[in-house]
Structure formats: structure tokens, C-alpha cells
Amino acid sequence: MPTEATHVAFGRFGETAMWILVALAPGPLRAARMLDEVRRLDGQVGPGALFGAVARLERRGLIEPLVIGDRQPAYRLSMRWHGDSADYREGLAR
Amino acid sequence: MSRLLRLYPAAWRERYEAEFIGTLQERPVGPTGSVDIVNGAIDAHLHPELIGGAPHVWTHRLPGLMATAAGLIWSWYYLRIVLAAPEEWGYGVLLAMLLMIFAVLGDYMASYARRIGLAVSALISAAVLAGVQPLSVIGDGMLNFALGAAAALLLSGGMLTLAALRAGIGAGVRWVLIAGGLLVPVTVAISVMGGFGPTDPGGAPAMVVAILPYGIAWTIVGLRMTLRGSMTIHDAPTTAPTSKVAAA
């Protein structure tokens with residue numbers, strides 16, 4: 001896993017990233033299901049924006065991929081997210 | 001649609017391409033989805049730090065921007081010559097040439113010998129301001145013209161090659177750019193259409209055929225260089241770690 005990089009900015013992906021975190025709260029999701037959930041919460045979001053947000057969340061150590069066998073990875077909230085969630089919720093909301 | 005994923009950087013594709021393709025197969029997208037994917041590719045180029053690369057600083061994009069500007073000015077200038085009234089070689093071309101030199105020098109020497117780059121640039125700028133036109137050294141004789149043309153081809157091709165190398169363009173595409181942007185057009189213009197001068201009979205179309213592709217080639221190289229961010233030789237190599245976490 002890459003080193004966590006807290007300097008990575010969310011920029012225009014901030015809102016999508018926030019909805020990804022909300023979508024992952026009940027449990028791990030693969031990218032296609034995550035896209036469905038984010039679209040349900042946030043309207044029309046494309047896969048390019050989704051993966052842009054996923055890359056940022058992963059780089060900041062807030063989500064992590066979960067690979068089981070040959071299947072596509074599912075993503076889950078990381079321990080770091082559970083530890084620092086209040087700070088990040090506030091930061092993402094700004 | 002998945003062909004658009006080739007626009008993403010290699011390190012990014014290594015990490016996310018498989019699941020991106022899987023997502024596209026499960027959730028196909030329309031034309032707006034294509035725009036979204038292209039936007040994502042641009043973002044991935046602008047932020048290599050997302051997949052473990054070194055973040056770009058704005059100065060790394062300067063040579064690319066200069067190369068792009070050079071290509072656009074060059075193309076615009078020659079197009080204008082043909083579409084509007086023919087003119088002499090003017091400052092538009094010299095400005096484009098200056099930017100090309102800055103782009104290559106800035107890329108290679110920004111860290112190593114910034115002062116050398118500045119000195120060379122200052123000399124060229126002074127020459128331009130003094131009204132010295134490099135092509136005026138070419139005489140009227142056929143031999144002088146041939147020598148001058150060969151030197152100009154060598155210099156132009158060399159500069160484009162250097163810029164393409166630093167833009168990370170592979171050998172195949174690089175040769176296509178050199179051939180399509182310079183060698184073939186100039187050869188065609190000389191052998192089929194005749195002269196280069198905009199006032200010569202058939203000269204204006206010959207100029208477009210011969211010289212415009214060079215500007216287009218520089219624009220392509222410049223855009224690629226800008227997106228990639230030109231790394232100086234002192235920069236640490238980027239790493240592209242795979243980041244899959246095996247489930248416990």
C-alpha cells in the first residue's frame with residue numbers, strides 16, 4: 001500500500017469523495033456498486049470522477065481495497081477513517 | 001469506451017485499469033461518460049502523486065507550456081501568411097523559435113545550468129531585438145540555400161526530437177512526428193510544389209504544406225509535455241507501487 005499522503009488535495013472531487021465515504025459506511029463495496037450508491041446520493045457521477053475520488057481517498061489512507069481471490073477489489077473504510085472521522089467529516093464538508 | 005483508458009498514465013492504469021474496465025462493463029456510459037473519463041485522465045496526469053509519483057511543481061510544466069505556445073504561434077503565423085497578405089519572415093516565427101529554444105533549454109538545464117540557459121536566451125533575445133534575422137545569413141546562391149535548408153532541417157528536427165524525448169514520447173510516435181511534422185512535408189513542398197517564398201507562384205500553399213505541420217507537431221509535443229510535467233535530471237524517479245491489500 002502506498003504511503004499515506006495527507007497533502008493530497010481533494011479539489012473538485014471533494015463532494016464525490018464525501019459521498020463515497022457515506023456509501024461505504026454500511027460495509028465494503030466494489031466500484032460498480034459504489035458508483036450506483038454515489039449516483040443515488042449525488043446525482044450523475046461518471047466513473048472518471050469516481051476513480052479520481054477513490055484514488056485520493058486511498059492515497060490519504062481513508063479507504064482501502066479488499067482483494068479476495070481474482071475478483072475485483074471491494075473498498076472499505078480504513079482504520080484511519082474510523083479514528084479520525086470527525087476531523088475528516090469537518091474537512092470534507094468545508 | 002475502454003480505449004479511452006489509454007489516455008491515463010501507465011502507473012495509474014497499472015493500479016486501476018482492470019477494475020475501471022470491469023466497472024464500465026457493468027455500468028456502460030454514454031457520450032457524457034466519455035468526457036468524464038477524459039477529464040479523469042487529465043486529472044491523473046496532473047496529479048501523479050495519487051499513484052505514488054512525485055507531485056509536479058508548476059515549473060515542470062513551464063517548458064511544456066512554452067512548447068505548446070511555440071507550436072500554436074508557429075501554426076497561426078504561417079496560416080495567417082497564406083490566408084492574409086503574404087509577408088516577410090517576421091517576429092512571429094522568431095518568437096516561436098525562441099519559445100522552442102526556451103522549452104528545450106528550460107527542460108534540460110533548469111536545474112543543471114540555469115545560468116547558461118538564461119545567458120543563451122538573453123543573447124538570442126538581444127539578437128532579435130537588434131533586428132538580426134537568423135535566415136538572413138543565407139545567401140542567394142543555390143549552394144547556400146541548400147546548406148541553409150539542411151542546417152535548418154537538422155536544427156528543427158533536433159529540437160523537436162529533444163522536446164519529444166523529454167515529453168516521454170516513444171520512439172515510434174517520435175519518428176512519426178519528425179517525419180510527419182518536418183521531413184515529408186518539406187520534401188513534398190520542395191520536390192512537387194516548388195518554392196517556399198509566399199510571393200512565389202504556388203509559394204503560399206507550399207509554405208502551408210511544408211511548414212505548418214512543424215507547428216502542429218510542436219503543439220502535440222508541448223501538450224504532452226505539459227500534461228506529463230517535464231522532469232529535470234535532478235528529480236527523483238517516480239515510483240508506481242501497486243497497492244492491493246490482500247484480505248486477511
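At what angle do H2(A) and H1(B) pack, and how far apart are their axes? In this predicted model, the two helices pack at an angle of about 60 degrees, with their axes 8 Å apart. Axes are lines fitted to C-alpha atoms, for helices over the stretch in contact, and angles run from 0 to 180 degrees between N-to-C directions. H2(A) and H1(B) are therefore oblique to each other; angles under 35 degrees count as roughly parallel, over 145 as roughly antiparallel, 65 to 115 as roughly perpendicular and the rest as oblique.

Because the model is predicted, local features need pLDDT of at least 70 and side-chain atom pairs count only at pLDDT 80 or more, whereas totals for chains, interfaces and linings use all residues. Residues are numbered from 1 along each chain as its sequence is written, and chains are lettered from A and ligands numbered from 1 in the order in which they are written.

The secondary structure of chain A comprises four helices and three strands, arranged along the sequence in the pattern α-β-α-α-β-β-α. Chain B, by comparison, has eight helices and zero strands. Helices (H or I, at least four residues) and strands (E, at least two) are DSSP runs, numbered from the N terminus. Of the 94 residues in chain A, 40% are buried; for the 248 residues in chain B the figure is 34%. A residue is buried if 20 or more other C-beta atoms lie within 10 Å of its own, exposed if 12 or fewer, and partly exposed in between, with C-beta atoms placed from the backbone. Among contacts with a separation of 6 or more, residues 24 or more positions apart account for 51% in chain A and for 72% in chain B. Two residues are in contact if their C-beta atoms, placed from the backbone, lie within 7 Å.

Between the chains, 24 residues of chain A are in contact with 26 residues of chain B. Helix H2 (31-42), H3 and strand E2 (63-66) of chain A each give two or more residues to the side that touches chain B. The largest share of that side, nine residues, comes from H3(A). By class, the side of chain A that touches chain B divides into 16 nonpolar, four polar and four charged residues. In this classification Ala, Val, Leu, Ile, Met, Phe, Trp, Tyr, Cys and Pro count as nonpolar, Asp, Glu, Lys and Arg as charged, and the others, Gly among them, as polar.

Where H2(A) packs on H1(B), Ala31(A), Ala32(A) and Leu35(A) meet Glu19(B), Thr23(B) and Glu26(B). This contact has three nonpolar, one polar and two charged residues. Arg27(B) lies in the loop between H1 and helix H2 (31-46) of chain B. Leaving aside its neighbours within four places in sequence, Arg27(B) is in contact with Ala32(A) and Leu35(A). Arg27(B) counts as partly exposed, because it has 17 C-beta neighbours inside 10 Å.

H2(A) itself has twelve residues and reaches 15 Å from its first C-alpha to its last, close to the 16 Å expected at 1.5 Å a residue; the expected span is 1.5 Å times one less than the number of residues. Its buried residues are Ala31(A), Met34(A), Leu35(A) and Val38(A). These residues cover an arc of only 105 degrees around the axis, which puts them on the same side of H2(A), the arc being that of the directions from the helix axis to the C-beta atoms. The buried residues of H2(A) pack against H1, strand E1 (29-30), H3 and strand E3 (74-77) of chain A together with helix H1 (10-26) of chain B.

Just after H2(A), Gly43(A) adopts a positive phi of about 85 degrees. Not counting residues up to four places away in sequence, Val45(A) touches Thr16(A), Leu35(A), Val38(A), Arg39(A) and Leu50(A). The C-alpha atoms of Val45(A) and Thr16(A) are 7.9 Å apart, although 29 residues separate the two in sequence.

Within chain A, the axes of helix H1 (residues 14-24) and helix H3 (residues 47-59) come within 9 Å and cross at roughly 75 degrees, which makes H1(A) roughly perpendicular to H3(A). Thr16(A), Ala17(A) and Ile20(A) in H1(A) meet residues of H3(A) including Ala49(A), Leu50(A) and Ala53(A). Seven nonpolar, one polar and one charged residues form the contact of H1(A) with H3(A).
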